[in-house]
Amino acid sequence: MSQEVLVVGAGPVGLSMAAALRRYGVPVRIIEKAAQPSGQSRALFLWTRTLELLDRDGVGGELLAAGQKIEAVNVLAGAKRIGRIELSDIDSTHPYALMLPQAETERVLTAQLSRLGGKVEFGTEITGFINGPDYVTATLRHADGKEETVQAPYLIGCDGGGSFVRRSLGLSSSGPAQQSDWLLADVRVDGFSSPPTELTSFWHEDGFLGIFPLPSGHYRVIADLHDVQGERPEQPTLAQVQALVDARGPGNITVSDPVSYRAGRVFLAGDAAHLHNPVGAQGLNMGIHDAVNLSWKLALVYRGVGNAEALLDSYNAERHAVADMVVSNLSRATAVAMLKNPTIQFARNLLGNVFFGLEPARKAMAERVAEVSHSYRNSPINGTNERGLPGPAPGERLPPRPDEPPLGAGDSPRFALFAASSPAVRELQQEFAGLLEPTLRAAIRPCAVWLGRPDGYVAAVALEEDVRQIEDYLTAYVLDSSAIAAM
Ligand SMILES: Cc1cc2nc3c(=O)[nH]c(=O)nc-3n(C[C@H](O)[C@H](O)[C@H](O)COP(=O)(O)OP(=O)(O)OC[C@H]3O[C@@H](n4cnc5c(N)ncnc54)[C@H](O)[C@@H]3O)c2cc1C
């Protein structure tokens, strides 16, 4: 069996996944079915959190040199300004967004991958795979038509919105392919429930909508599109399903994606895992965050020291929750922006003015847009903050400090201790020498220890006298029990 992790797709997410894994010493093979880079520039913005995370890969400077900083977003209705979101107030080393065409982002990421010894194999397509207990067996087709069978310890599908990997896992949110004039989607539904023995159909002047319970607890949404103008993509997006449910259903129903981003040794990332309305300009950014989240976990597991089940399962739990939140926020924002009724528009603009007049509301909005408020508060691998110490809580972002290297930089995924030196802390450092940064970071509170994850989120918080809680965290969630002795 090859030891190389197989990354499918060399869009921005596959490229950043491959680079992050290689940086952590994981051998990677990255394949791309297109003959050459697409050169398309769909995404135009890299947000604050993405820039912070890309600093770990050492590409932040190169991206900044190529792009244009954006420090504020103005919201207008006609000529009237409703509000302004100041990104420059964000507590970050990058208090701005970067306007950079996607092709440029991909160029920088490709160069980084090549510096790390990686190379995209263009003209190579995955056409099938078996997700086995010990490895994945994949069939690849080369441009000359030749087929190759490879075995890989893990496969990561970064193959975009129509993801072959996702469909092969039977995880498509669209169920069977969209049939000409019918849309079918298997989704999670909030705001509506029906007994498992009952079907519900809505008759609407635009056409039929059915919401049928599935044995899995999800629902199949069926809508007829006979009178709907516009494109009929093979795989409908969640946004298209939501729009139909909004238009034809009883209201206040939210659909979301039941897909798991992990199935055994196969993972999904980027558009393959979640699709976003391009209006929100979040898809590429979210995909890069997926790569950051998965790469350190996979690197620890690959080395044989990581607690595979806890770490790899947390990828789905953490990233799925963030994607759901972003999709539903964006659907709400789009609905508000597209209100048609003039009276309601008037009320919206008035309320918008009041909202944007409030400093805390403006700040919260800026942090949301810049993705710095995304967090993993309900993650299954969060440690505790039993004493309720003030400061970032487990699962929340640790804002980077200009005088310290970014968390997770370097050639090994290490946790960081934010603490003053003490015998107990030094003992901890010695015990987990291979897993912790050798140097302490400046304490966040006196007499307290913050444990930071390699992707810049809080793992656990404890008073110095309870430092054993940090040890318990590392042994429970991060390390494979058999690896502890070997450390
Ligand atoms: C108009 C528009 C504007 C947008 N603006 C923004 C923005 O400002 N900010 C933002 O964050 N996002 C934006 N997005 C979204 C962003 O473009 C996507 O989220 C991003 O491209 C996803 O990257 P990816 O690597 O997951 O997928 P993709 O970029 O789609 O890459 C997938 C790759 O996989 C390859 N592939 C597919 N199948 C196979 C196979 N079987 N074998 C091998 N390779 C395969 C494909 O050829 C492709 O190169 C925008 C999108 C659109 C359409």
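**Close-up views: helix packing and ligand contacts**

**View 1. Helix α2 against helix α7.** The crossing of α2 and α7 is left-handed. The model is predicted. Helix α2 covers residues 48–55, and its axis lies 10 Å from that of α7. The packing angle is about 35°. On the α2 side, the contact uses R49, T50, L53 and L54. On the α7 side, the partners are N285, I288, H289 and V292. By class, the residues of this α2–α7 contact are 4 nonpolar, 3 polar and 1 charged.

**View 2. Helix α1 against helix α7.** Helix α1 spans residues 12–23, and helix α7 spans residues 283–302. Their axes come within 9 Å and cross at roughly 25°. Angles under 35 degrees count as roughly parallel, so α1 is roughly parallel to α7. The α1–α7 crossing is right-handed. From α1, the residues in contact are P12, V13, S16, M17, A20 and L21. They meet L284, G287, I288, D290, A291, L294, S295 and L298 of α7. The contact of α1 with α7 holds 10 nonpolar residues, 3 polar and 1 charged.

**View 3. Helix α1 against helix α4.** Helix α4 runs over residues 102–115. The axes of α1 and α4 come within 9 Å, with a crossing angle of roughly 25°. That angle makes α1 roughly parallel to α4. The crossing of α1 with α4 is left-handed, whereas that of α1 with α7 is right-handed. P12, L15, S16, A18, A19 and R22 form the α1 side. Q102, E106, L109, T110, Q112 and L113 form the α4 side. The contact of α1 with α4 divides into 6 nonpolar, 4 polar and 2 charged residues.

View 4. A polar backbone atom of L284 is 2.8 Å from an oxygen atom of the ligand. For L44, a backbone N or O atom lies 2.9 Å from a ligand oxygen atom. For I126, a backbone N or O atom lies 3.2 Å from a nitrogen atom of the ligand.

Technical notes:
Residues numbered from 1 in each chain as written. Predicted model: local features only at pLDDT ≥ 70, side-chain atom pairs only at ≥ 80, totals over all residues. Heavy atoms only, no water. Axes fitted to C-alpha atoms, helices over the stretch in contact; angles between N-to-C directions. Helix = DSSP H or I, 4+ residues; strand = E, 2+ residues; numbered from the N terminus. Parallel < 35°, antiparallel > 145°, perpendicular 65-115°, else oblique. Left-handed = near helix turned anticlockwise from the far one by under 90°. Contact = heavy atoms within 4.5 Å. Nonpolar A, V, L, I, M, F, W, Y, C, P; charged D, E, K, R; others polar. Polar contact = N/O pair within 3.5 Å; in protein donor to acceptor, adjacent residues only side chain to side chain.
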